[in-house]
Amino acid sequence: MPPHLDLSTTYTHADMILSSRNSPRLSLRRAASYTNDRGPMSSTSSRFSFNHLISSPPPSPGLPALVPRHGKLAPTRSKRTYLRGLVWLLGVLVILYYGFSRLQLDRSKKQVGWETHAGDEYEMVGDSELPNFPTPVVVTDKRGRTKWTVSIPLDATFPLEPHQYAEICTQNMEVASHVADMHAHVHRPHSHYGYYHVDPNFMDVAVAEEHGLLPGPKGKTSMKAQDGSVVGEYADSLIIQEVCETSMTFVLETSNAGLGKTLMMLWTAYGLAQKEGRAFFVDDSRWAYGKYTNFFMPPPSQMCRPPPRHEMLPCPHHARHLVVSAATAVHTFGGAFNEEFEDARKMEVYRQKNMFDFARAGYEALFHLSDSDQNYVENRVSELTSRTLLDPPEPQNGLIIGIHVRHGDRHPYEFQYRDSYVPLERYGEKARDILHQTFNGTGPNGDENMAAEMRSVFIVASDDPDVYESDEFSHASRAQEQIRLASKAALGGSQPTAGSAIRKFVDETVGWEGGFFSGMFWSLGKPSSIPVNAVATPDTKLPATEEAIRLRELVGRAYLMDLAVLGKASDQIVCTVSSMGCKLLAVMMGWENAIVKGRWVNIDGDFEWKGVAW
């Protein structure tokens with residue numbers, strides 16, 4: 001029996017909602033204008049038609065339901081979606097920025113560039129060939145990375161002129177800053193770097209040659225001799241020994257006539273080279289005093305040979321092979337050097353301990369006079385020491401008090417004497433005070449030890465011949481009598497007698513009244529160029545004659561023997577710290593004796609020991 005269809009309960013179209021199970025968000029509603037059209041009353045009625053469906057409006061999407069249907073969550077736009085979009089946008093912008101920047105950089109960058117000096121300004125110049133003068137250059141390797149190095153022509157004379165070394169250091173800072181800006185794509189102000197800062201954009205000369213960015217000398221292994229006069233280098237050894245990994249070459253050439261500054265710089269450079277593990281060499285090619293070996297024994301031998309001369313650079317400091325000279329002292333021993341090695345935890349002169357140790361290392365290794373002068377110094381020291389000895393049972397021997405007096409063109413630091421000199425009476429008074437303080441209360445009965453005082457010796461060294469003849473030091477002994485600088489008053493009786501061991505330096509025209517003056521030094525052996533007065537300085541670039549070199553050598557040897565006798569024989573030293581010779585004597589005495597025990601006495605104000613002056 002078929003099921004019974006009950007149509008007693010009917011629903012109007014207005015009350016009917018049709019929904020699709022496949023799309024819970026889609027609903028169809030009957031329009032209001034069709035509410036009067038009713039459907040068929042029965043399934044068999046003739047009035048039944050599909051007009052009410054055909055005339056219905058098309059279905060349209062409805063608003064999202066407040067309550068999710070069928071257990072599904074309504075989709076929402078989360079923060080992660082917005083963040084992802086923002087990241088994509090920033091990425092696209094960054095890629096576009098660097099792309100356009102790279103195009104602009106490639107457009108303006110040359111493979112090789114260098115600097116030319118014009119007045120006080122430096123201008124970057126681009127070209128495809130290396131210049132024929134020493135200069136820093138900007139290079140680009142095969143990967144397109146920009147670096148900088150220093151190009152010194154292979155045929156350039158070694159050593160370069162002092163002003164060329166100074167200009168290279170100045171230009172290096174400009175080029176390094178320029179290359180750093182190219183890598184950063186923005187100009188940055190100059191930064192202050194430490195002494196051992198390593199520039200990642202710098203390429204050493206040897207490395208640049210290995211990469212084909214700089215031309216290197218042909219046949220490096222067969223080279224025998226090069227320009228310059230590097231002390232201790234032998235031509236035959238170039239075949240056997242390998243090139244040093246790192247080195248420091250000190251160039252003695254300087255426009256300063258004095259020998260003291262050169263010595264202090266030389267000693268400090270040696271100590272610094274030892275700390276950094278560099279081989280050390282000395283070049284005397286254009287030294288105003290002549291050959292290094294006429295004064296000193298050769299430096300300690302190295303187990304390697306110096307590099308090709310064009311690889312020796314004055315800057316940057318982390319270059320494999322350094323050249324140090326008076327012209328580059330401000331870069332090698334300047335502010336960064338002091339910041340690196342001064343001991344900030346100490347006070348006063350104790351801050352200088354590291355620099356003092358550098359100079360002391362150089363003194364011990366390099367201050368060995370030539371054979372004849374060294375023998376004289378040792379005999380002189382023994383002679384002076386023997387004068388102070390007392391026979392037993394005396395508890396104390398006498399003292400040797402060294403006095404160093406600098407006149408000439410060097411004036412004291414102390415304000416009241418800055419235009420003159422410290423009076424000789426102050427030297428004598430200080431020396432006598434030292435004697436009284438040393439022997440007071442040390443006698444047999446607790447009183448002053450007069451026997452030791454009487455056996456004490458004053459030894460004097462000065463650049464002014466008149467100091468030795470002064471009343472203050474008439475009882476004192478000269479530090480050395482091998483070579484004397486004469487004044488005009490002593491010229492008449494200065495000729496050595498036959499068989500005399502004393503060799504006196506006599507210049508027929510110039511006396512040394514008043515001390516050592518640069519103008520007088522440069523005029524030695526050149527009668528036609530003697531200045532009108534001691535202050536005027538002749539042309540220092542004129543080639544020195546053989547006679548000039550001989551006379552300068554005598555002056556230098558006299559100075560060195562004075563220092564050697566004072567430094568080795570003296571128990572205490574009195575001097576003025578404004579003189580470089582005074583500072584050298586402190587180094588020769590050693591830190592313990594000179595500074596800690598106070599046996600090095602300065603009478604030029606309240607100033608302290610400092611090393612290299614630049």
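Helices, at least four residues long, are DSSP runs numbered from the N terminus, and by this numbering helix α15 gives the second largest pocket the largest share of its lining, five residues. The model shown in these views is predicted.

**View 1. Strand β8 is mostly covered.** Strand β8 spans residues 247–251, and five of its five residues are buried. Ser247, Thr249 and Val251 point one way from the strand. Met248 and Phe250 point the other way, and these residues too are buried.

**View 2. Strand β8 runs parallel to β9 and is joined to it by five bridges.** Strand β9 covers residues 279–283.

View 3. Thr249 is one of the buried residues of β8.

**View 4. The second largest pocket holds about 670 Å³ of space.** Its lining is made up of 37 residues. Nearest the centre of the pocket lie Gly258, Leu259, Arg406, Phe516 and Tyr559. By class, the lining has 16 nonpolar, eleven polar and ten charged residues.

**View 5. Several helices and strands supply the lining of the second largest pocket.** At least two residues each come from elements including α6, β11 (400–405), β12 (457–462) and α13 (465–468). The elements β14 (483–485) and α16 (580–589) also supply at least two residues each. Helix α15 (546–569) is another of these elements, and its share is five residues.

Technical notes:
Residues are numbered from 1 along each chain as its sequence is written. This is a predicted model: local features need pLDDT of at least 70, side-chain atom pairs count only at pLDDT 80 or more; totals for chains, interfaces and linings use all residues. Side-chain values use heavy atoms; hydrogens and water are left out. Buried means under 20% relative accessible area, exposed over 50%, partly exposed in between (1.4 Å probe, protein chains only). Two strands pair if DSSP finds at least two bridges between them. On a 1 Å grid over the protein atoms alone, a cavity is a set of points where a 1.4 Å probe fits but cannot get out, and a pocket is an open set with protein on both sides within 12 Å along at least five of seven lines; lining residues have an atom within 4 Å of a point. Grid points are joined across faces, edges and corners, and a volume is the space filled by probe spheres set on the points. Ala, Val, Leu, Ile, Met, Phe, Trp, Tyr, Cys and Pro count as nonpolar, Asp, Glu, Lys and Arg as charged, and the others, Gly among them, as polar.
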